[in-house]
Amino acid sequence: MWKRNAVKLIYMKKHLKLIYIFLFLGLLLSISEIASAQTGTIRGRVYNEKNNEPLPFTNIIIFGTTIGSTTDLDGNFLFTGVEPGFVRLQVSAVGFERKVTEEFQVTNARSANVDIPMREIDLQLEEVVVEAQVFQRREESPVSLRRLGISEIERSPGSNRDISRVIQSLPGVGFTPAFRNDVIIRGGGPNENRFYLDGVEIPNLNHFATQGASGGPVGIINVDFIREVEMYSSAFPANRGNALSSVFEFRQVRGDSERMNYKGTVGASDLALTLDGPLSDNTTMIFSIRRSYLQFLFSVIGLPFLPTYNSYQFKTDTKLSDKSELTLIGIGALDQFRLNLEANETEEQRYILDYLPVNEQWNYTMGAVYRRFRDNGFDRLVLSRNMLRNFSYKYPGNDENERRIFDYESDEIENKLRYERTTETGAWRFIYGAGGEYARYLNSTFQQVFQNDVALDIDYNSAFDIFKWSIFGQATRSFLDNDLSLSFGLRTDANNYSANMRNMINQLSPRLSASYKLRDNLTVNASTGRFYQLPAYTTLGYKDNTGAFKNRENNLSYIAVNHYVAGFELLPTPRTKVTLEGFYKQYDKYPFSIVDGVPLSSKSVDFGIFGDEEVTSTSRGRSYGGELLFREQNIKNLNIILSYTFVRSEFEGTDGSYIPSSWDSRHIINLTGTYKLPRNWDIGAKWRFSGGAPFTPYDLETSSRIDAWRLEPRGYLDYNRFNSERLKSFHQLDLRIDKQYFFPSFSLMFYLDIQNAYNFQSALAPNLIRVSDEPFVDDNGVNRYQLNEVTNASGTVLPSIGIMFEF
C-alpha cells in the first residue's frame with residue numbers, strides 16, 4: 001500500500017518526469033564518441049558434469065559466428081578480442097551432448113569467466129547429428145520449467161534491474177497494479193513459493209517482506225550476481241520440497257580469477273557497489289552493498305512515510321582439489337521505516353498516517369555448498385542458516401504518549417543441512433539424499449482488535465523449537481533411442497510440531513514425469529505429483545490469551561496440492577520455441593481462517609504479517625487453466641517473449657460452492673521485445689495485460705463504529721461477501737533504452753526506463769476515509785463516524801534512469 005501511494009503522490013508533480021528525461025538524454029548526448037572500439041575476453045573450462053574431469057580438444061565457437069577455439073589438456077579455453085555484448089558459446093565434443101550455454105555479458109572492463117559442464121551420451125547416438133539448441137531441457141522436469149538469461153534480466157523493460165519484477169514476465173506468473181513483487185504462480189498465493197540461491201534456500205526475496213509470504217516492494221537480490229534463473233511451476237525435483245506453486249533457482253556468476261573489478265550503480269531508487277576478483281590462487285569472490293535514497297526524495301516532496309532499505313550480498317568459490325570445491329554465499333537486508341508526521345496537509349496523507357504502522361525488519365542467509373566429484377557422479381552437502389527479525393507497532397493518532405494499539409516483534413531462525421548424491425549407472429541417473437533442520441520461532445504480540453462487535457486485547461508471547469527432516473530420491477532414464485524419457489521421484493517431510501506432522505506417511509510426495517519425441521523438434525510432455533508445504537511459522541506459533549497453541553490444538557497439518565500438467569513443445573528453429581500446456585491444481589488441507597471464515601491464502605497480499613491467527617486445516621480449492629508461450633532468441637538482433645495464460649483460482653466456501661480466490665485473474669498476457677541497434681544501443685518494450693482480480697467490499701456497519709475505527713482506522717472487510725466484486729482489467733506499456741560506452745580502461749552504461757508509458761489508470765479496491773472527526777449517534781445509540789468510500793486508482797508515467805560504471 002505505501003509503495004502504491006508513494007508513486008501516486010510523487011508523480012502528481014509532473015515536472016519531475018521531464019527533468020528526469022532531459023537530464024538523462026542530455027547526459028548521453030554530452031558524452032563524446034571518443035570511446036573507440038574496445039574488446040573483451042572470455043575464459044573458462046569445459047568438463048564432464050558427472051565427475052568434473054576436464055575435456056581436452058573440445059570445439060567451442062561463439063554462437064552465431066565463425067569465431068572458434070579449442071580447449072587445452074586441462075579443459076581450459078580463451079577468447080580474446082571479443083566484441084562487447086551478450087553472447088553464448090556452442091560446445092561440441094565426441095561422446096558428449098552438444099550444448100549452447102546460457103547468455104553472459106562481455107565487456108572490456110573485466111574477463112567473462114564461464115564453466116561449461118557437458119553430459120555424456122551413448123556413442124551409438126553419435127551417428128545422428130543433433131543441432132545444438134538454445135533452449136535446454138531437463139528430463140526430470142520436461143514441463144513447466146522456464147529459464148531467463150542475463151540479457152533478458154538486464155534489459156527487461158519496466159523492471160529497473162529488479163529480479164523480483166523480471167520474473168513477472170514469465171508465463172503463468174500473475175501481477176497486480178499495486179507496485180508489489182508478489183509471486184503469484186498459476187493461481188497460487190505468494191506464500192506458496194520457494195527460492196534457492198546456488199542451492200541454498202533464501203526465505204526472503206524482497207525488502208519490507210510480508211512475513212509468512214514472499215511479497216514486498218523491492219527485490220533483495222543484486223542482478224550483478226545472476227547468470228540464469230529457472231522457474232519450476234510444476235514437476236518439482238524431489239530434492240526441492242515445501243512448495244505448492246513454484247520453485248525458483250537463481251544461479252550466480254563466479255568472480256574474476258585474474259584481477260579485481262569494480263562496478264558502481266545508480267538505480268531508480270538505490271546506490272550499489274559491486275566488487276569481484278581473486279582472493280587467492282584458488283578462490284574468487286564477488287561482493288556488493290546497496291542503499292536506497294528513497295527517504296530523501298520522499299521527504300523533499302512531502303510523503304507521509306520515509307522508508308530506507310540496505311542490503312549486502314557475497315559469494316566465494318574455492319577449488320579445494322581437482323575433485324572438490326566449496327562455495328560460500330551470503331545475502332541480507334536491513335529495512336528501516338518511519339512516519340513523516342509533518343506531511344499531513346491532504347486527505348490522503350492523513351488517511352495513510354492514521355492507519356499505517358511503523359514496520360522494520362532485518363534478515364540474512366548464510367550458506368556453504370560443498371561438492372565432491374566421484375567417477376560416476378558427485379555429492380553435494382549444503383549447510384545454511386537464515387534469520388528474520390520483524391518489528392511493527394502503531395500508536396493511536398501517532399501519539400507516542402498513548403499506549404500502543406499494536407506492538408509486534410518476531411524472530412524466525414532456521415539452521416539447515418541437506419545431503420544430495422547424483423550418480424549415473426548405465427542409462428539411469430539417480431538423485432537421492434536427506435535433509436535435517438532445526439528452527440526456532442519467537443513472537444511477542446499485543447494488538448487491540450474489534451471482533452464480533454467487541455474490542456479485544458490479543459496479548460501473548462510465543463516460542464517454540466521445531467526439528468524437521470526429509471528424505472528424497474529420483475530416478476530418470478531414456479528409452480527407445482532417447483525418444484522417450486521417464487522420471488519418477490519420491491519425497492517425504494516431517495517434523496516434531498505434532499503427532500500428525502511427525503508421521504512421514506502423511507506427507508508422502510510422489511511425482512512422475514514423461515516426455516516423448518514425436519519428431520526431432522516436437523515433443524509431448526506430461527507430469528503429475530502430490531506436493532506438501534508446512535504452514536507459516538506465524539500460524540504454527542499463534543496463541544490465544546490462555547497461552548495455548550491454538551492451531552496445534554486444531555490439529556494443523558501440512559498443506560497438500562495435486563498437480564496435473566500436459567502439453568507440447570515445438571522447436572521450429574534452434575532459436576525459436578513454442579509451448580502449450582494445460583494444468584490443474586487441486587488443493588487440500590489449506591488453513592481456513594476461524595475469525596473471517598475464508599481461506600488464508602487470499603489474505604497474503606498486504607504488507608506486515610500473514611498467518612498469525614486461529615485456523616483449521618479444512619479448506620479445499622482448485623486452480624486450472626492453460627499457457628501458450630512463444631520465444632525468439634536473437635533472430636536478426638530481435639528477442640521476443642509472448643505468453644498468454646488463462647487461469648481460474650477458486651476455493652470452497654462454507655456452503656461447499658467455489659468462490660474466486662484473490663488470484664483469479666483469468667487472463668494474463670505478456671509481450672516483451674528487445675532489439676539491438678548499432679553503436680551499442682538497445683531498445684525494448686513490454687506490454688502486459690491482466691484481468692481484474694476479485695476483491696471483498698467493506699463492512700460499513702462495523703467500519704463506521706468509533707470503537708472499531710479507533711483500533712483500525714481503515715475499512716473492515718465484509719467476509720460474508722468475500723471476493724464478491726471484481727476490479728476492471730488493467731494493462732500497461734513499459735519502454736526501455738540502453739546505451740553502453742567502452743573506453744580503454746572502463747565501461748559506462750546508461751538506461752532510461754519508462755513504466756506505464758501511456759498513463760493507464762488501473763482501478764484498485766476503494767479506500768474508506770473518515771469524513772470528519774465529529775462523531776454522531778445512530779438510532780441504536782451507537783457512536784459512529786461518517787465515512788466516505790473513495791475511488792482508488794493507480795497509474796502514472798513513471799520514468800527512471802540508471803547509470804553503471806565498471807572498471
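Student: Which exposed residues does the face of α5 turned away from its buried side carry?
Tutor: F296 and V300. Exposed means over 50% relative accessible area, buried under 20%, partly exposed in between (1.4 Å probe, protein chains only). Helices are DSSP runs of H or I, at least four residues, and strands are runs of E, at least two, numbered from the N terminus. This is a predicted model: local features need pLDDT of at least 70, side-chain atom pairs count only at pLDDT 80 or more, and totals for chains, interfaces and linings use all residues. Residues are numbered from 1 along each chain as its sequence is written, and side-chain values use heavy atoms, without hydrogens and water.

Student: And which residues of α5 are buried?
Tutor: L294, Q295, F298 and I301, in a helix spanning residues 294-301. Seen down the axis, they fall within an arc of 145°, so they line one face of α5. That arc is taken from the directions from the helix axis to the C-beta atoms.

Student: What comes just after α5?
Tutor: G302, with a positive phi of about 85°.

Student: New topic. Is R429 buried or exposed?
Tutor: Buried, at a relative accessible area of 12%. R429 sits in strand β27, residues 428-451.

Student: What does its side chain pair with?
Tutor: The side chain of E140, through a polar contact of 3.0 Å. A polar contact is a pair of N or O atoms within 3.5 Å; within protein, one must be able to donate a hydrogen and the other to accept it, and residues adjacent in sequence count only if both atoms are side-chain atoms.
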